[in-house]
Amino acid sequence: MDKSTHEIQFAHWRQIIEQCQSRPKEQTVKQWLEEHDISDKVYYYLLLYRIEQEFSWNGMNISCQVMVGWIIQCCEKYLVLMYGCLKERLLEYPGIQADEASVEVIWDGRGGKHQLYVGTSERGDVPGKAGGAV
């Protein structure tokens with residue numbers, strides 16, 4: 001692929017990213033992507049690719065793979081800590097009630113029919129409150 005074709009494709013995807021980022025506030029990225037028939041994996045890759053190109057134009061060669069590694073490391077270091085704190089907080093309550101129901105999914109992008117499990121949970125005696133759901 002020659003440079004001019006590459007630049008045209010990049011400009012096209014940059015426009016798509018900008019349109020998605022200027023979507024109505026009540027619309028999620030996922031909803032916008034589905035409405036425009038764009039794969040979420042492609043969209044998020046293109047976001048990283050756009051950043052990679054911006055870095056490259058400024059003399060810094062940082063690949064998408066390196067940036068993905070950074071994202072994974074942040075999740076492993078920081079989101080795991082947050083998850084641990086939330087788990088500790090949840091376990092402070094005296095009891096938990098959970099329920100799970102299966103729902104048949106007709107189409108979810110994988111083809112065929114699948115079962116989706118929807119869960120709800122409730123804790124009793126929330127500190128500082130007269131009981132209720134969490």
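**View 1. Tyr43 and the residues around it.** In this predicted model, Tyr43 touches Ile17, Cys20, Gln21, Val29, Leu33 and Ile38, when residues up to four places away in sequence are not counted.

View 2. In soluble globular proteins, nonpolar side chains tend to be buried together.

**View 3. Helix α3 packed against helix α4.** Helix α3, residues 40-57, and helix α4, residues 64-91, pack at an angle of about 115°, and their axes lie 9 Å apart. The crossing in which α3 passes α4 is right-handed. On the side of α3 the contact is made by Tyr45, Leu48, Tyr49, Ile51, Glu52 and Phe55, while α4 contributes Cys64, Met67, Val68 and Ile71. Sorted by type, the residues of this contact are 9 nonpolar and 1 charged, with no polar residue among them.

**View 4. The whole protein, for orientation.** The secondary structure comprises 4 helices and 2 strands, and along the sequence these follow the pattern α-α-α-α-β-β. Of the 134 residues of the protein, 18% count as buried, and the accessible surface comes to about 10700 Å², of which 57% belongs to carbon and sulfur atoms. Among the contacts with a separation of 6 or more, 34% are between residues 24 or more positions apart.

How values were computed
Residues numbered from 1 in each chain as written. Predicted model: local features only at pLDDT ≥ 70, side-chain atom pairs only at ≥ 80, totals over all residues. Heavy atoms only, no water. Axes fitted to C-alpha atoms, helices over the stretch in contact; angles between N-to-C directions. Left-handed = near helix turned anticlockwise from the far one by under 90°. Contact = heavy atoms within 4.5 Å. Nonpolar A, V, L, I, M, F, W, Y, C, P; charged D, E, K, R; others polar. Buried < 20%, exposed > 50% of the residue type's maximum accessible area, 1.4 Å probe, protein only. Areas by Shrake-Rupley, 256 points an atom, 1.4 Å probe, with all protein chains shown as cover.
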